[in-house]
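Work through the exercises below with the sequence and the model side by side. Each task is followed by a stepwise solution.

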Amino acid sequence: MGDLYLAHVGSHKAVMITCKHFRTQFAIERARYAAARGASLLMLMPPYHGVSLNADGPSMLDRFGRIADAANTILVLNALLSGVTLTMSFLVRLAREMRRFSYFNVEVPFATAKPRTLTDAGGEAILGPFDGEEAITMMPDLDAGASATMPGALLPDLLRPVIGHHTRGRRREAALPVVN
């Protein structure tokens, strides 16, 4: 699927490929494969259920670092789906110590407070804290410093104007329902 999409889109648009596997070596191979085919961004998350890795420990940092060596730019998905919640201090450490980690999608409880916390602590190392969870909490997340949303394939044509208005300081227009 990724090959077909990358071949069709080519260099016309930025393409993000999700790279996950509980074995680090397989994740590295997938990262190399995606980068070699033109993926501009790699989405990475902890291995499902942590596979015995401490979320903030050296083994997780080593894993992320080894995968980063095989990719260009990385977005870290911090989601309950993996069974591992990465702390804000760990995400900031990734961004500061490994420059390929500069985008973060935070899908954890009380996520609305996280974008500002992440950018305040990480400074210029954090290029994009994103809202997740299908844009359900997008407006409060944008208010809290999120720079975009990660809604999957859900209604991007309807969500883009909301982000555009919000970015330009037009919160009222951003909050209005979209009418066709």
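**Exercise 1.** In what order do the six strands form the open sheet, and is the pairing parallel or antiparallel?

*Solution.* This is a predicted model in which local features need pLDDT of at least 70 and side-chain atom pairs count only at pLDDT 80 or more, while totals for chains, interfaces and linings use all residues. Residues are numbered from 1 along each chain as its sequence is written, and side-chain values use heavy atoms, without hydrogens and water.

Step 1. Take strands as DSSP runs (E, at least two residues) and helices likewise (H or I, at least four), numbered from the N terminus. Two strands pair if DSSP finds at least two bridges between them.

Step 2. The order is β1-β2-β3-β4-β5-β6, with parallel pairing.

Step 3. β1 (16-19) and β6 (148-149) each have a single partner strand, so one side of each lacks a neighbour in the sheet.

Step 4. Within the sheet, β2 and β3 pair over three bridges; Leu42 stands opposite Ile74 in β3.

**Exercise 2.** Identify the residues that touch the most other members of the largest nonpolar core.

*Solution.* Step 1. A nonpolar core is a set of buried Ala, Val, Leu, Ile, Met, Phe, Trp, Tyr and Cys residues joined through side-chain atoms within 4.5 Å. Buried means under 20% relative accessible area (1.4 Å probe, protein chains only).

Step 2. The core has 32 residues, and Val76, Leu91, Leu94 and Phe101 touch the most other members.

Step 3. Elements that each supply at least two core residues include α2 (24-36), β3 (74-79) and α4 (88-97). α4 gives the most, six residues.

Notes. Buried means under 20% relative accessible area, exposed over 50%, partly exposed in between (1.4 Å probe, protein chains only).
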